[in-house]
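Let's take a friendly walk through a protein model. Have the sequence and the 3D view ready as you read.

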Amino acid sequence: TSDDGNGNTSSCTFIVVLNDATPPTAVCQNINLYLDGAGNGTITAADLDGGSTDNCSGITYSASQTAFTCADLGPNNVTLTVTDGNSNSDNCIAVVTVVDTVSPSALCQNVTIYLDGTGNGTIAASDIDAGSTDNCGSPTFSASQTAFTCSDLGPNNVTLTADDGNGNTGNCVAVVTVADTTSPTAVCQNVTLYLDGSGNSTITAADIDGGSTDNCGAVTLSASQTAFTCSDLGPNNVTLTADDGNG
């Protein structure tokens, strides 16, 4: 409006176009992300926002990565982009630390092991694994006992530990039955037996034992014949049986 001071005015209209050329201020925050039982985890871009601002209200967020797996365990640099309603944007970097806190699922199977000729037997921890699983791949195994001797004959409770390498473990208990199927080694010696005044005489099974042995210690001995008379004069074949008590 122009005024000449004498009561005369004239007006015209013009348009003022307001432009926002000021970008937002992007502010990031670091976060931890915990994988689920399937080894996956997701975030939203807003999870990385640490208080971003703009001179005009209304900002949106986007992130360079929002889905994570076991392959991303540890720190990951993720770019947060903050955009205002006038197409101005700013970026910052957030550290997303991917963490696995899911324990392996330990699954055991019972096994039977057979002692060798020296009375010993061993298993590997994997021998009692029945298909243990983890959300981040295959775990490693350890067992509370892997070596067995004659003193372990019968059932033994053995704990299997599955370790995922990320500080998480799972346990189960397997029954390891230790069996001895090794026969004793029977060793005989020949003996001469003298009849008494009534024409009789006896031996014990130990008299014809020449040093029988077993992988699990002492054996009990029996003989097919221990009493003799005049009708047995001369050589007699007598069978010595050594029994280890384990069948």
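## The chain as a whole

Keep in mind that this is a predicted model. If you look for helices in the protein chain, you will find zero, while the strands number 18. The radius of gyration is 44 Å, well over the 18 Å that the globule rule gives for 247 residues, so the chain is more spread out than a compact globule. You can see this in the box that its C-alpha atoms fill, roughly 175 × 20 × 20 Å along the principal axes.

How much of the protein chain is buried? Of its 247 residues, 30% are buried. The accessible surface comes to about 14200 Å², and carbon and sulfur atoms account for 48% of it.

Now consider contacts in the protein chain with a separation of 6 or more: 56% of them join residues 24 or more positions apart.

## A four-stranded sheet

Next, find the open sheet in which four strands run in the order β3-β8-β7-β5, with mixed pairing.

## A closer look at one pair

Strands of a sheet pair through backbone hydrogen bonds, in a parallel or an antiparallel way. Here, β5 pairs with β7 (residues 74-84) in the antiparallel sense, over five bridges. To find your place in this pair, look for Tyr61, which stands opposite Val82 in β7.

Key. Residues numbered from 1 in each chain as written. Predicted model: local features only at pLDDT ≥ 70, side-chain atom pairs only at ≥ 80, totals over all residues. Heavy atoms only, no water. Pairing = 2+ DSSP bridges. Helix = DSSP H or I, 4+ residues; strand = E, 2+ residues; numbered from the N terminus. Rg over C-alpha atoms; globule rule 2.2 N^0.38 Å. Buried < 20%, exposed > 50% of the residue type's maximum accessible area, 1.4 Å probe, protein only. Contact = heavy atoms within 4.5 Å. Areas by Shrake-Rupley, 256 points an atom, 1.4 Å probe, with all protein chains shown as cover.
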